[in-house]
Amino acid sequence: MGRVAAVCISDNKGTGKSPVFTAELIKDYGIKGDAHAGRWHRQVSMLSLESIEKFRDKCADVSFGAFGENLVMEGFDFRAMKVGTRIRIGDAVLEMTQIGKSCHGDCSIKRETGECIMPEEGAFFKVLSSGRVTEGDEAVILGPDLSAPFTAAVITLSDRAFSGEREDKSGEVLKKMLEDEGYEVIEKIVLSDDKEPLKRELCRLADQRQVNVIFTTGGTGFSPRDNTPEATGEVCDRMAPGIAEAIRYYSLEITPRAMLSRGVSGIRHNTLIVNLPGSPGAVAEALSFILPSLKHGLGILTGREGECAGKEQR
């Protein structure tokens, strides 16, 4: 059980917010009258009262809303929560979609306070059910919806697609196949073949958005610009070589050139990362082969399922 310590809104993004005592939460939108409201995944931002008080003890006395937070919550440790956790405040229900955020070094919040705790300790939510939120309201953690679909992200690595020279057909194939299988594709990104941007996106998606599985397409060959396996290996805590080996084994039945793929698979925290080939046809072939077994692995990784020892798993 927690409590709403403050309710804050602002007219503009990138600025501090002002306490308003009470506000209306609108389903699939956010707080009425707030600049961050809209049909996206960061509709409502929260900070814990305890985090703000620690900052006050260490640095300066800042007012509620100074870090751009909509709701200051007493009694909640957002860093200990998982994305997907739901919170009920009166009639309103909110679901966590992200923990922490990338910091814009020149934002007015950091200029005014000297430091910003939102990038590390802020939590972001979407509104599932409408209702009014008022200072002093009780808030209850409902926990995640374990029947919700697995979340996925798609990253295409291609200098030409990134520059707009060609269409991202492989990413579109991936997205459609995943959605047809019941996955919720929460982000689809096109990047250049450079290694560092890919590493940043993999870390963001795994750490902040806590997506269940990330699929990459492209950048797995012998070209000097093919950096996907190296980027993936550098951000993973553990490797899952069986998936990449299975893809190559299956693809060798179609073309001997499959032996030239350097794709890898691994795990960062509770996120599985799978490298797929770059062509639309090869993406479809590889994904169709691994998808039937993948949900069981994701169930184990996320705690939805336990290990089993049947004929299909030894």
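Predicted model: local features only at pLDDT ≥ 70, side-chain atom pairs only at ≥ 80, totals over all residues.
Let's start with the strands. Strands of a sheet pair through backbone hydrogen bonds, either parallel or antiparallel. Here, three strands make an open sheet in the order 4-3-10, with antiparallel pairing. Strand 4 (30-31) and strand 10 (131-134) sit at the edges with a single partner strand each, so one side of each has no neighbour in the sheet.

Strand 3 (residues 22-26) is linked to strand 4 by two bridges, and this pair runs antiparallel.

**Two helix pairs**

Now for the helices. Two packed helices are described by the angle between their axes and the distance between the axes. Here are those values for both pairs:

| Helix pair | Angle | Axis distance |
|---|---|---|
| Helix 6 (residues 195-207) and helix 7 (residues 228-235) | about 40 degrees | 9 Å |
| Helix 5 (residues 169-180) and helix 9 (residues 280-302) | about 25 degrees | 9 Å |

Take helix 6 and helix 7, which pack at an angle of about 40 degrees. That makes helix 6 oblique to helix 7. Their crossing is right-handed. On the helix 6 side, the contact uses K195, L198, K199, L202 and C203, and these meet T228, E230, A231, T232, E234 and V235 in helix 7. Sorted by class, the residues of this contact are five nonpolar, two polar and four charged.

Helix 5 and helix 9 pack at about 25 degrees. Angles under 35 degrees count as roughly parallel, and helix 5 and helix 9 are therefore roughly parallel to each other. Helix 5 passes helix 9 in a right-handed crossing. From helix 5, the contact takes in K169, S170, V173, L174, M177 and L178, and from helix 9 it takes in P280, V283, A284, L287, S288 and L291. The class count for the contact of helix 5 with helix 9 comes to nine nonpolar, two polar and one charged.

Note on methods. Residues numbered from 1 in each chain as written. Heavy atoms only, no water. Axes fitted to C-alpha atoms, helices over the stretch in contact; angles between N-to-C directions. Helix = DSSP H or I, 4+ residues; strand = E, 2+ residues; numbered from the N terminus. Parallel < 35°, antiparallel > 145°, perpendicular 65-115°, else oblique. Left-handed = near helix turned anticlockwise from the far one by under 90°. Contact = heavy atoms within 4.5 Å. Nonpolar A, V, L, I, M, F, W, Y, C, P; charged D, E, K, R; others polar. Pairing = 2+ DSSP bridges.
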